[in-house]
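Colleague: I have a few questions about this model. Can we go through them with the structure open?

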Amino acid sequence: MLQLSTQDIRLAQTPSNKQDAIRAIAADLTEKQLVESGYVQGMLNREAQNSTFLGSGIAIPHGTIETRELVKQTGVTVHHFANGVDWGDGNIVYVAIGIAAKSDEHLGILKQLTKVLSADGVENQLKQVQQASDLVALLNGEVQFSADFDPALIQLHFPASDMLQMTAVAGGLLKNTGCTDSAFVADLVTKSPTHLGKGLWLISSNQSVTRSAMSFVSTANHCEYQGIAVKALIAIAACNDAHRSFLNIITQLVFNQQQEQLLQADAHQLVALFSQDNAQAASSHPENNANVETAIFKITNSHGLHARPGAMLVAEAKKFQANIKVVNLDGDGKAANAKSLMKVIALGVKHGHQLQFSAEGPDAALALESIGAAIKSGLGEH
């Protein structure tokens with residue numbers, strides 16, 4: 001996985017326009033021996049085809065497929081514009097991430113970067129960056145905006161017969177992902193969990209936590225704690241406020257007596273429920289809303305959904321009024337706004353991956369039909 005260093009950062013850049021910014025980035029990539037000198041024309045041509053603006057003050061200029069042979073080694077360079085650069089259509093860019101990629105390995109780079117940069121509040125922090133180390137911390141995900149929660153933090157139908165076992169498993173999941181250590185697990189098992197109703201329980205600790213995260217464990221056995229049924233346990237490891245949005249969703253579910261949405265969900269549904277694009281718990285998954293249209297399409301682009309086909313997909317989705325979500329069934333299961341390029345790229349979609357779309361609105365069916373046709377046609381690349 002790409003890890004940026006301060007050597008990759010260029011602060012206080014002041015290009016007069018985006019073309020000059022791209023030329024400077026290309027020169028930087030060339031100087032770092034990542035690309036041949038002719039790569040700059042590919043970057044300018046790519047920008048002329050479709051803007052590389054992602055949103056949140058970020059752009060990702062890169063070359064065309066035709067200039068990929070000029071790439072010597074996959075890598076990036078990052079330019080920071082304190083005063084911003086007009087990237088067209090009124091979009092102001094504060095950080096441009098120049099990408100050199102030999103094949104589809106850049107999708108991993110994009111997924112990492114866009115996952116970090118799509119967090120709420122990150123644009124304002126990017127504007128105010130004063131030191132290269134601060135920007136590196138932001139881009140490498142060292143500044144946490146939302147708590148970790150993915151399928152690796154979920155254990156469904158575990159054969160537990162008591163709360164101690166449930167707590168140990170929940171703590172172990174958090175330890176195994178590197179969010180905590182053994183001291184956290186030892187502290188967690190001494191805690192008294194809180195019953196949230198209908199067999200759903202909550203427990204937490206802030207001991208030896210390096211990243212805020214949440215785990216979820218359900219039991220396949222009959223289990224009770226203090227005479228009350230235990231069906232599932234939510235465990236939270238907290239070292240900052242990144243878990244607050246999760247608590248808000250849990251609180252809303254409990255207030256509405258909708259604990260079953262958690263108790264009956266599979267791993268992908270649970271992750272989608274707590275994703276940033278699904279803060280409204282009642283409509284977190286298509287199966288929970290009879291008015292939502294769904295469809296699954298396979299991506300046939302040889303290099304997956306990199307910036308250009310991703311932009312074509314987003315442009316197609318934006319033609320419709322419907323609220324459209326997309327889940328990479330071969331990815332982490334999180335739902336994303338199909339009208340946000342940054343969110344779509346963050347899905348890390350590669351060749352052969354299947355995408356599940358859900359659309360709600362007056363033109364939902366037509367939207368999915370049109371998106372399916374665009375995907376079948378190659379999203380501008382076939």
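Colleague: Which residue is the bridge partner of Gly75 in strand 5?
Modeller: The partner of Gly75 in strand 5 is Ala100. Bear in mind that this is a predicted model.

Colleague: How many bridges join strand 4 to strand 5, and do they run parallel or antiparallel?
Modeller: Eight bridges join strand 4 to strand 5 (residues 92–100), and the two strands run antiparallel.

Colleague: What about the hairpin of strand 4 and strand 5, which residue there takes a positive phi?
Modeller: Gly88, with a phi near 100°. The hairpin has five residues between the strands.

Colleague: And strand 1 with strand 4, parallel or antiparallel?
Modeller: Parallel, over two bridges, between residues 9–10 of strand 1 and residues 75–86 of strand 4. Arg10 has His79 as its bridge partner in strand 4.

Colleague: What is the strand order in the open sheet of five strands?
Modeller: The order is 1-4-5-3-2, and the pairing is mixed. Strand 1 and strand 2 (53–55) are the edge strands, each pairing on one side only.

Colleague: How does strand 2 pair with strand 3, parallel or antiparallel?
Modeller: Antiparallel, over two bridges, with strand 3 covering residues 58–59. Phe53 has Ala59 as its bridge partner in strand 3.

Colleague: Which strands does helix 1 touch where it packs on the sheet?
Modeller: Helix 1 (residues 18–31) touches strand 1, strand 4 and strand 5. The direction of helix 1 makes about 155° with that of strand 4.

Colleague: Changing topic: at what angle do helix 11 and helix 13 pack?
Modeller: About 160°, with the axes of helix 11 (residues 307–317) and helix 13 (residues 364–376) 9 Å apart. Helix 11 is therefore roughly antiparallel to helix 13.

Colleague: Is the crossing of helix 11 and helix 13 left-handed or right-handed?
Modeller: The crossing is right-handed.

Colleague: Which residues meet there, between helix 11 and helix 13?
Modeller: From helix 11, Leu313, Glu316 and Ala317; from helix 13, Ser370, Ile371, Ala374 and Ile375. The residues of this contact divide into five nonpolar, one polar and one charged.

Colleague: Last topic. How many aromatic pairs does the structure hold?
Modeller: Five. One of the pairs is Phe149 with Phe246.

Colleague: Why is the pair of Phe149 and Phe246 edge-to-face?
Modeller: Because the ring planes of Phe149 and Phe246 are at 70°, and planes over 60 degrees apart count as edge-to-face. The ring centres are 6.1 Å apart.

Colleague: Where do Phe149 and Phe246 lie?
Modeller: Phe149 lies in the loop between helix 5 (132–139) and strand 6 (154–158), and Phe246 in helix 8 (residues 244–255). The pair therefore ties together parts that are 97 residues apart in sequence.

How values were computed
Residues numbered from 1 in each chain as written. Predicted model: local features only at pLDDT ≥ 70, side-chain atom pairs only at ≥ 80, totals over all residues. Heavy atoms only, no water. Pairing = 2+ DSSP bridges. Helix = DSSP H or I, 4+ residues; strand = E, 2+ residues; numbered from the N terminus. Axes fitted to C-alpha atoms, helices over the stretch in contact; angles between N-to-C directions. Parallel < 35°, antiparallel > 145°, perpendicular 65-115°, else oblique. Left-handed = near helix turned anticlockwise from the far one by under 90°. Contact = heavy atoms within 4.5 Å. Nonpolar A, V, L, I, M, F, W, Y, C, P; charged D, E, K, R; others polar. Phe/Tyr/Trp six-rings, centres within 6.5 Å; stacked < 30°, edge-to-face > 60°.
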